There are 2 protein chains.
Amino acid sequence: MTERQENAIRLGLVGIGKIARDQHLPALASDDCFVLAATASRNATLDQIPGHADITAMLEGGHALDAVSLCTPPDGRHAQALAAIDAGLHVMLEKPPAATLSEIAALAERARARGVTLFTTWHSREAAGVGPARAWLTGKRIDAVRIAWREDIRRWHPGQEWILAPGGFGVFDPGINALSIATAILPDPLLLESAWMDVPEGRASPLAAGLTMRSGGAQVTAAFDFLQTGPQTWDIEVDTDAGMLRLRMGGSILQLPDAPEMQAPDREYARLYARFAELVAAGESDVDIRPIQLVADAFLLAERRMTAPFAF
Amino acid sequence: MTERQENAIRLGLVGIGKIARDQHLPALASDDCFVLAATASRNATLDQIPGHADITAMLEGGHALDAVSLCTPPDGRHAQALAAIDAGLHVMLEKPPAATLSEIAALAERARARGVTLFTTWHSREAAGVGPARAWLTGKRIDAVRIAWREDIRRWHPGQEWILAPGGFGVFDPGINALSIATAILPDPLLLESAWMDVPEGRASPLAAGLTMRSGGAQVTAAFDFLQTGPQTWDIEVDTDAGMLRLRMGGSILQLPDAPEMQAPDREYARLYARFAELVAAGESDVDIRPIQLVADAFLLAERRMTAPFAF
């Protein structure tokens, strides 16, 4: 571990799954604004960090925590976040911030009332190309936007039956990342006009979906596909009066007209924690529900088609 | 017409359908805070009131409007409301306020930026029993809430195919009224836990639905049914530590323990316009999305069952 700042934020991490190990722990280890003071997880613990079976035990563990970061599935996140807020702690939420929009609104209200920071993170917005893309688009006329998010569910979510269950979002689980980028780079509100979903027989959530949206004067289309074998696609193309912008590989590669391709190492979670530290220092919250709001709008408006049964 | 106040709000009414004739026009005729200065409707006009084919023509009609009230279907309401806001006018919206949550958020943002009042109305909240119900529940322990909203689609929506089309909300079209009352009378946030929907084969929106929610420590259930023949039910029962509260007939009848039944004439729309006038005078907005947010949450989480085809 690096040397910590004296006023470092004492953080409790809840949920030690793949995303915590792959992303949160490395980001925390290299950020001296944070001290990882405790964890909560039903099954896992970390060497040399006090571990608890659940968040209640962690909050009562005498760790003098300042903040909590939740990497558990969205299903139980509302209750956990509420417990942390009511204990006077700042809270950072993995995406999507909770299982429903009403839960997020209730958390935001409670955090406001308690005077603590609530940060709903959208990690894809921190991909290297997203900030420069937003900056380049500023002041340009946007004519059309095409989102293509096509990946192989069997490769990225092997055996994860919950993703096709009620509330599992289906192909919107990755697709919400595209919507988080689009809402961040487009200057005008992104509004849904129509949608379709292909839901396999016997499942509740879609394997494929298409959205037709608008943003200012531009039509915005999104194609989400969970059955893409071979090359995987996470691309956004924006036609403007100054040529086409292309964000590729989930926002990590930026192509601008007459410019060399921009690419940089993945620092998504390092940037999320840096932003969380800033918000805590400023006494502010950042609760942006636009990506999950668009997903809910899609479920509300979509024409559904039943497709063949799917097995992992 | 009664004599108008000198500083009365000059109102443009958009959409002259059943709800405008049954509710808005009588309410406006007896409220001297308003002058109905113009209308916009594709097909209808009113005697002695300048009429236009659409809102653009009405806004350019030289009527010195202060405000606009929208009674058109939710589908096109966002564009109409945006035109009014951008013309610097205050806007009142029938329920639901727009076709999607993203549209409502975008309107709220624009109204704030333009410094005009936006009022998302929920007429059932103005039913005679709702205010007294909220007051009576204050400070009581709420143990359970049961919502039963059962009506005959063929009687109340004859031939309205759109209500079962994508975005038509199905049985949530009336059900959202129950949710607007529940969110108004319950002191704690109303959060969805699970839901089911019965969608007839070949339709997109449900004829029946069940929600399991929670509010503080209380379980809240809602049963919505669009195939109820015989007696129609629009009831909410609340079990408390001081006995059971019953709101019946859409909130117009209130039954409290050991008290005579309370009933009063329907003044829902009169109260909505009085509130709109107050908001305009105070320079404030009232944008409460909780009822439609719960509907979107239900579409997001629901287990769907396909039922037999339905014909009106």
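Predicted model: local features only at pLDDT ≥ 70, side-chain atom pairs only at ≥ 80, totals over all residues.
Residues are numbered from 1 along each chain as its sequence is written, chains are lettered from A and ligands numbered from 1 in the order in which they are written, and side-chain values use heavy atoms, with hydrogens and water left out.

In chain B, six strands form an open sheet in the order 3-2-1-4-5-6 with parallel pairing (strands are DSSP runs of E with at least two residues, helices runs of H or I with at least four, numbered from the N terminus; two strands pair if DSSP finds at least two bridges between them). Its edge strands, strand 3 (51-52) and strand 6 (118-120) of chain B, each pair on one side only. Strand 5 (residues 90-93) of chain B joins strand 6 of chain B over three bridges in the parallel sense, and B:Met92 stands opposite B:Phe119.

| Helix of chain B | Angle |
|---|---|
| Helix 1 (residues 18-29) | about 175° to strand 1 of chain B |
| Helix 3 (residues 77-86) | about 160° to strand 5 of chain B |

Helix 9 (residues 290-301) of chain B has eleven of its twelve residues buried (under 20% relative accessible area, 1.4 Å probe, protein chains only), among them B:Phe299.

A:Leu137, in helix 5 (residues 130-137) of chain A, counts as buried because its relative accessibility is 1%.

Conventions
Buried < 20%, exposed > 50% of the residue type's maximum accessible area, 1.4 Å probe, protein only. Contact = heavy atoms within 4.5 Å. Axes fitted to C-alpha atoms, helices over the stretch in contact; angles between N-to-C directions.
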